[in-house]
Amino acid sequence: MRWKNVRRSQNVEDRRGQRAGRRMPGRGGGMKVGGGAGIVLLLLGLFFGQDLIGPLTSGGATGGAPQIGAQTRLDRNNTEVRTNDQAKDFIASILGTTEDVWGPLFRQAGQTYQPPKLVMFSDGVTSACGFTSSAAGPFYCPGDSQVYIDLSFFRELQRMGAGGDFAQAYVLAHEVGHHVQNLLGVSMAVQRRQRTLPKAQANRLSVLTELQADCYAGVWAHHAHKQYQLLEPGDLEEGMNAASKIGDDALMRSAGRQAHPDAFTHGSSAQRQQWLYQGLETGDPQQCDTFQGAS
Ligand SMILES: [Zn+2]
């Protein structure tokens, strides 16, 4: 991806290294979920409906997925100062492009786009949605209209075989897609409906919501590329590969379980690819009506 020359969003809040202010029951201190346990919890998060999305990273020829670990030093007040923080720079760049894409799209529809804040955290975070461990993956909290991400998620996804900077950007754009749904009233309508439905049907609505966020991520990529020539050869494949690797069927299989469509919450690999592509190709949010036909 060519992201180095785009505007940086001012809406990134860096809470890395801060305590989240809540302890895990039965544990002594702050939460730390290490490698193997992390991925298991991550997968559980996927199964049980934490929003998680997407994929991951890695560098390679396309010039560069950002480094995840920032170099730090202590300043005079013993505050951690991050230097050479390419990961944060990347996030601020991609978030900036989502603002530059959704602002005009909302304006064209006669509406105002209020951009979300994005909170970078480590280990765990407290939001209007309560306490969330990093193991649950990135998420959007409608209650405070903020996207939350621990960059270690990119590493986990890389281990799942979904690499590349465009794959990372797709994850961010998917979360911003949930923000768009929130602004449009989709999230609220879905939650209200879900309360009245048996589990399998409620899950099905979750899937349609997630697929719409994938489609919105595609819409973002379409316009961001138009505005900034963001995509390079191979990026599209990276995104489609990531969408495939984080399909519910792929995740269930990699966790050693049979794929049960009734338990899907994000959609199959094929569905996620299809909707990401639909948004990418059309650039039209109206083409993201995943709910069409679902009563
Ligand atoms: Zn999602």
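Trainee: What share of the residues in the protein is buried?
Mentor: In this predicted model, buried residues account for 44% of the 295 residues in the protein.

Trainee: And how many helices and strands are there?
Mentor: The protein has 9 helices and 8 strands.

Trainee: What percentage of the contacts between residues at least 6 apart in sequence join residues at least 24 apart?
Mentor: Of those contacts, 75% join residues at least 24 apart.

Trainee: Let us turn to the sheet. In what order do the strands of the open sheet run?
Mentor: The open sheet is formed by 4 strands in the order β1-β4-β8-β7, and the pairing is mixed.

Trainee: Which are the edge strands?
Mentor: They are β1 (12-14) and β7 (139-141), each of which pairs on one side only. From one strand to the next, the twist averages 25 degrees.

Trainee: In which sense do β4 and β8 pair, parallel or antiparallel?
Mentor: Strand β4 (residues 117-120) and strand β8 (residues 146-149) pair in the parallel sense, over 4 bridges. Within this pairing, V119 stands opposite Y148 in β8.

Trainee: Which strands does α2 touch where it packs on the sheet?
Mentor: Helix α2 touches β1 and β4. The direction of α2 makes about 155 degrees with that of β1.

Trainee: Staying with α2, how is its packing with α4 described?
Mentor: Two packed helices are described by the angle between their axes and the distance between the axes. For helix α2 (residues 86-108) and helix α4 (residues 165-184), the axes come within 10 Å and cross at roughly 40 degrees. The two helices are therefore oblique to each other.

Trainee: Is that crossing left-handed or right-handed?
Mentor: The crossing of α2 and α4 is right-handed.

Trainee: Which residues meet there?
Mentor: From α2 the residues are I91, I94, L95, T98 and W102, and they meet A169, L172, A173, V176 and V180 in α4. This contact divides into 9 nonpolar residues, 1 polar residue and no charged ones.

Trainee: Now the other helix pair. At what angle do α6 and α9 pack?
Mentor: Helix α6 (residues 199-228) and helix α9 (residues 269-282) pack at an angle of about 35 degrees, and their axes are 6 Å apart. The crossing of α6 and α9 is right-handed.

Trainee: Which residues make that contact?
Mentor: On the α6 side they are L211, D214, C215, Y216, A217, G218, V219, A221 and H222. On the α9 side they are Q271, R272, W275, L276, Y277, Q278, G279 and L280. The contact of α6 with α9 comprises 10 nonpolar, 5 polar and 2 charged residues.

Trainee: Why does D123 count as partly exposed?
Mentor: D123 has 18 other C-beta atoms within 10 Å.

Trainee: Is Q229 buried or exposed?
Mentor: Q229 counts as exposed, because it has 11 C-beta neighbours inside 10 Å.

Note on methods: Residues numbered from 1 in each chain as written. Predicted model: local features only at pLDDT ≥ 70, side-chain atom pairs only at ≥ 80, totals over all residues. Axes fitted to C-alpha atoms, helices over the stretch in contact; angles between N-to-C directions. Left-handed = near helix turned anticlockwise from the far one by under 90°. Contact = placed C-beta atoms within 7 Å. Nonpolar A, V, L, I, M, F, W, Y, C, P; charged D, E, K, R; others polar. Parallel < 35°, antiparallel > 145°, perpendicular 65-115°, else oblique. Pairing = 2+ DSSP bridges. Buried ≥ 20, exposed ≤ 12 C-beta atoms within 10 Å, placed from the backbone.
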